[in-house]
Amino acid sequence: NCGTPIPGTYLDRCGYGTRLPFLVISPYAKRNHVDSTTTDLTSILRFIEDNWGLDRIGDQSLDAIAGFISNHFDFGAPRNHRLFLDPNTGQP
């Protein structure tokens, strides 16, 4: 039960769903970083919109209220190294 719907909104929007782990894999990801910011899948969309100066999707899309994921990254230092994993063991 979502409670009383707000007039003019979609009736199937009930807020955040099940909690899921959010793992950032990037050469710019902070090492051993844990963040307690509430995020969801639209947080990725919001990051893309904010990073490239794009507008929000609109039509009540949840990217407008999504949590920020930019604090997972450190863009201050250039990253020129590459990480290759052993396909059999998954080890670096």
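Is phenylalanine 73 buried or exposed in this predicted model? Phenylalanine 73 is buried, with a relative accessible area of 13%, where buried denotes under 20% relative accessible area, exposed over 50% and partly exposed the range in between, computed with a 1.4 Å probe on protein chains only. The model is a prediction in which local features need pLDDT of at least 70 and side-chain atom pairs count only at pLDDT 80 or more, whereas totals for chains, interfaces and linings use all residues. Residues are numbered from 1 along each chain as its sequence is written, and side-chain values use heavy atoms, with hydrogens and water left out.

Across the whole structure, three aromatic pairs are found, rings of Phe, Tyr and Trp (its six-membered ring) being paired if their centres lie within 6.5 Å and classed as stacked with planes under 30 degrees apart, edge-to-face over 60 and tilted for the rest. One of them is the stacked pair of phenylalanine 47 and phenylalanine 73, with 5.2 Å from centre to centre and 25° between the planes. This pair links distant parts of the chain, since phenylalanine 47 lies in helix 1 and phenylalanine 73 in the segment after helix 1, 26 residues apart; helices are DSSP runs (H or I, at least four residues) numbered from the N terminus. Phenylalanine 47 is buried, at a relative accessible area of 17%. The rings of phenylalanine 73 and phenylalanine 75 are also stacked, because their centres are 5.3 Å apart and their planes at 15°, while phenylalanine 75 is partly exposed at 47%. Ring pairs join Tyr28, Phe47, Phe73 and Phe75 into a cluster.

Threonine 42 also belongs to helix 1, which spans residues 42-51, and is buried, with a relative accessible area of 19%.

Notes. Helices (H or I, at least four residues) and strands (E, at least two) are DSSP runs, numbered from the N terminus.
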